[in-house]
Structure formats: structure tokens, C-alpha cells
Amino acid sequence: MLATHASPSLINPLQLFRSHSLFSRAISPFSAARSLFVRTVASMAGVNSSPDHVVGTWYSVPELRLRNHRFVVPLDYSLEPRSSPKISVFAREVVAVGKEDQLLPYLLFLQGGPGFECPRPTEASGWIHKACEEFRLILMDQRGTGLSTPLTASSMSQFKSAEDLVDYLKHFRADNIVNDAEFMRVRLVPDAGPWTILGQSYGGFCAVTYLSFAPQGLRQVLLTGGTPPIGNGCTADTVYRVCSEQIILQNEKYYKRYPQDIEIVREVVNYLAASEGGGVLLPSGGILTPWGLQTLGLSCLGSSAGFERLHYMFEGVWDPVLVPGAPKQISYYFLNAFESSIAFDTNPLYAILHESIYCQGASSSWSAHRIRSEDEGKFDAIKAAKEGHPVIFMGEMIFPWMFDEIHALTKFKDAAHILAEKQDWPPLYDINMLNNNKVPVAAAVYYDDLFVNFKIAMETASQIAGIRLWITNEYMHSGLRDGGGKVFEHLMGMLNGKKPLF
């Protein structure tokens with residue numbers, strides 16, 4: 001998208017890509033992936049824009065102007081472009097009012113997840129307001145999310161078998177999100193120039209994949225709580241082992257703030273364990289069990305105000321006894337709040353693909369489940385409740401039993417098991433390329449991050465040449481959202497010279 005009209009200039013793909021060193025590298029698993037990507041984008045860059053790029057008209061929210069873009073992209077970039085099935089990728093262009101026709105640098109935002117759509121701006125506020133002071137912002141719904149051919153509980157039910165669904169889902173990881181971003185960039189940015197990207201959480205993982213395979217498309221990179229483990233194989237085991245320490249620390253902080261909840265949570269666990277079938281029915285038709293209760297830590301222990309949300313849920317956990325002799329029961333309010341907090345009914349892709357985002361040439365084999373069983377005594381909710389210990393809430397972990405107990409996930413149980421055993425995942429990172437990185441990178445590393453472990457983030461940062469780190473405990477994982485424009489402004493200052501190098 002150009003600033004003044006809907007259709008981008010036609011690009012000479014040979015002129016755009018031939019000068020890049022990717023064409024002259026020896027073929028390896030990494031350079032082959034890069035070369036395949038470059039050939040694919042080059043082959044499509046000269047195509048008339050109207051069939052594969054539809055641009056909407058401008059509309060407004062307070063202090064912002066927006067317009068929608070829809071791109072028709074290959075499902076599988078490894079195929080010749082005309083041979084691959086097609087999907088739609090949606091992006092929203094955002095500028096400050098009055099800047100629609102100004103020639104501004106482009107900023108692509110990569111959302112956390114996997115499986116979550118981009119923010120929907122309702123006004124000029126927070127980091128979006130700050131970004132629009134300088135940039136033309138592109139909010140991309142990553143493939144499968146939001147308005148990008150969404151993979152919902154209903155749409156995925158169209159597949160006739162679990163194998164067919166897996167064959168489709170394998171194309172929805174960071175490598176193809178980057179392919180989509182490059183498809184968009186050569187059609188949006190004048191002269192197909194590089195753009196700045198901002199990756200939050202899993203969006204940061206995608207940004208590091210971008211640095212590995214398509215650095216020619218990048219002007220600058222900002223990472224917020226999104227520095228991934230980059231080792232070969234499946235790094236999920238490493239992630240879950242080191243994250244258990246932070247999970248316990250966050251639980252200790254929570255119970256120190258709300259000590260009265262220790263007994264309330266134990267009482268709920270004992271009630272669930274004693275219930276017929278080991279739990280109680282949820283409004284959706286699923287079941288809440290003691291181990292399901294522990295998953296509240298995912299949404300409540302790692303972000304600002306999460307402790308408060310969790311505490312207020314437990315304040316209303318029991319129905320009042322209105323009729324003498326009526327049995328004690330968990331309130332509908334609590335059961336509904338539980339399902340709203342996990343939100344797998346609207347974002348099943350998060351659960352189905354979660355461990356796959358860590359895999360390169362190896363299976364996850366239900367990593368979180370295996371790692372938890374190594375120290376089950378520490379995380380056993382029923383045992384803790386019976387022995388009078390605080391019940392530990394879990395962090396960002398997906399378990400196989402979720403596909404039995406969470407109604408929105410039950411129909412995807414077979415596919416989830418196939419994905420957990422899949423080994424032939426392509427590479428997501430090229431350490432050699434990162435070691436020789438030339439793109440300016442600034443990263444916010446949150447010391448108390450529950451989701452992206454500080455130690456792992458530091459190890460990865462040591463492999464990215466030229467990266468500048470802002471290490472802080474002022475914010476948690478949600479710092480980009482919680483800090484208004486401060487986090488964005490700080491990182492930009494590190495790259496534009498406003499912050500000292502030393």
C-alpha cells in the first residue's frame with residue numbers, strides 16, 4: 001500500500017532480490033529455506049496487484065485513520081505459486097489523522113500467540129498512539145487468526161480427518177507468518193523497501209525467524225518479551241524446566257498478597273476431587289477438574305492486574321446457601337469466569353499449535369506433560385490440598401488432558417496428538433545468520449517474565465549480533481500494553497541514538 005493510492009508500484013523482482021547474498025550462498029537446510037522463500041516471493045512480485053491485494057477505503061476512530069488490506073497468499077510457499085491452495089491474510093493500516101498522504105516509514109506489528117489476532121484500535125492510545133507519531137502502522141492478523149482465513153472451532157470442523165487437518169495446520173507457524181509478511185511488504189512499501197517490525201511475545205519469535213531468513217526486508221527490529229529459544233530439535237523441554245522456577249515464585253507472590261486465598265483454593269480443589277467424575281460441568285459442556293483449575297495461572301499470574309483478577313474470581317467461587325440444607329456448589333459466575341479466562345473456544349489454535357512453535361526437526365511429545373511429571377509432587381493439586389500446602393497454579397503450558405476436558409478442544413484431540421509426535425518440522429532459526437546479523441535490534445527483556453524465561457532470553461540475545469537489551473523488572477510480560485507508549489519509546493530511543501550506547 002502506498003500512501004496516496006491503493007495499488008503498489010510493480011516491482012522488478014530480479015532487481016529487488018538478485019543483489020542479495022542469499023542467491024550466492026551454498027545450499028544448507030537454512031540457506032535452502034531462504035532461497036526457496038526468495039524465489040517464491042520474487043516469482044510473485046511482478047504479478048498485477050488487483051487479484052492478490054484488495055485495499056479498502058479510509059475510515060476513522062478518534063485521532064486515527066484506518067483502512068483494510070486483504071492479500072491472497074499461498075497456503076504452502078514451498079510449492080510453485082500457482083500450485084498452492086490460497087488463503088487470505090488481513091492487515092489494517094493505521095495512521096494519525098491528517099497523515100494519510102504523508103510518506104512515512106512502515107512499522108509492522110507481530111502479535112503474540114500463537115493464534116491471536118492483532119489489536120482492534122478504538123482510539124489513539126498506548127503504544128499505537130506513540131507509533132503513529134512517526135510510522136505508518138500495519139496491524140497484521142497472522143494467518144489463521146482474526147480476519148485471515150480464521151481457524152476457529154467451527155471452521156476447522158470442515159476437515160474430514162485429523163490427518164487432513166494436521167496437513168493444513170503445519171503451514172501456520174512462524175516461517176510462513178514471515179513469508180506472508182514479505183508478501184505484504186513488497187506490495188505495500190514504496191520501492192519494496194525494508195520496514196521496521198515490532199514483535200510482542202510470540203510475535204518476537206516470528207521476528208527472530210524474520211532475522212534468520214529474510215533480513216533484507218528489515219530496517220529495524222523491536223522485541224518486547226519475545227526473545228525465543230533458538231536451539232535445534234525441540235526446545236520446549238528446556239523452556240518448561242526453567243520456567244517452573246518462575247511459576248513457583250509467582251505463586252508465592254500471589255499468596256503473599258492474598259494469603260486468605262490459600263485455604264479457598266484448597267477447598268475448591270477438594271470439592272472438585274470429591275465430585276462425581278472428578279470435577280464439575282462447565283457452562284460449555286466441558287469439565288472443571290483440579291488440574292484444570294491450575295491453568296488459571298496462564299492468564300492471571302503473568303500480566304499486570306492478573307493477581308487481582310484471580311483473587312476476585314475466588315471471592316465469588318461459592319454460591320450462597322439460600323435454602324437451608326441446599327448442597328454447596330461452585331457458582332456459575334466462577335465457572336463462566338474460568339472459561340472466559342482460558343478462551344480456547346475463540347482461539348483453539350493457541351492450544352493446538354502451542355508446543356509446535358518450539359520444534360525444529362523434532363517432536364514435542366507433549367513436553368509440558370512430561371516435564372511436569374518429573375516433579376509431580378510439587379504440582380499435584382490434590383496432594384497439596386490434602387496435605388495443607390498451597391496449590392500451585394501453572395504457567396503457559398498445554399496438556400493432552402485439555403483435549404478431553406475443554407469442550408472447544410475435544411474435536412481436535414486426534415490432530416493434537418499427531419502434531420505432538422510430528423518430527424519433520426522445518427527450521428525456524430539460523431544461528432549463523434543471527435551471529436552475523438546487521439539489522440539494528442532492540443529488545444525489552446522482562447526480568448520477571450512468566451512466559452519467556454529471562455535466562456533463555458539472555459542466552460538467545462548473546463547469539464544475535466548487535467542486539468541492544470533493556471532489562472527491566474518494572475513491567476511484566478504485558479509491558480507493551482501496560483506501559484502506554486513508554487516501552488515502545490524506550491526501545492526506539494535505543495535505536496535512534498536517544499539512549500546512550502553504554
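Biologist: Where is alanine 343 found in this predicted model?
Modeller: Alanine 343 is found in the loop between helix 13 (332-342) and helix 14 (348-353). Its phi is positive, about 55°, although the residue is not a glycine.

Biologist: Which phi does serine 365 have, positive or negative?
Modeller: Serine 365 also has a positive phi, of about 50°, and is not a glycine. Serine 365 sits in the loop between strand 12 (359-360) and helix 15 (367-374).

Biologist: Why is serine 365 called partly exposed?
Modeller: The relative accessible area of serine 365 is 23%. Buried means under 20% and exposed means over 50%. The value for serine 365 lies in between, and therefore the residue is called partly exposed.

Biologist: How many of the residues in the protein chain are buried, as a percentage?
Modeller: Of the 502 residues in the protein chain, 59% are buried.

Biologist: What is the omega of the peptide bond that joins glycine 113 and proline 114?
Modeller: Omega is about 5°, and the bond is a cis peptide bond. Proline 114 lies in the loop between strand 5 (106-110) and helix 4 (126-131).

Biologist: What percentage of the accessible surface of the protein chain belongs to carbon and sulfur atoms?
Modeller: Carbon and sulfur atoms account for 55% of an accessible surface of about 20400 Å².

Note on methods. Residues numbered from 1 in each chain as written. Predicted model: local features only at pLDDT ≥ 70, side-chain atom pairs only at ≥ 80, totals over all residues. Heavy atoms only, no water. Buried < 20%, exposed > 50% of the residue type's maximum accessible area, 1.4 Å probe, protein only. Areas by Shrake-Rupley, 256 points an atom, 1.4 Å probe, with all protein chains shown as cover. Helix = DSSP H or I, 4+ residues; strand = E, 2+ residues; numbered from the N terminus.
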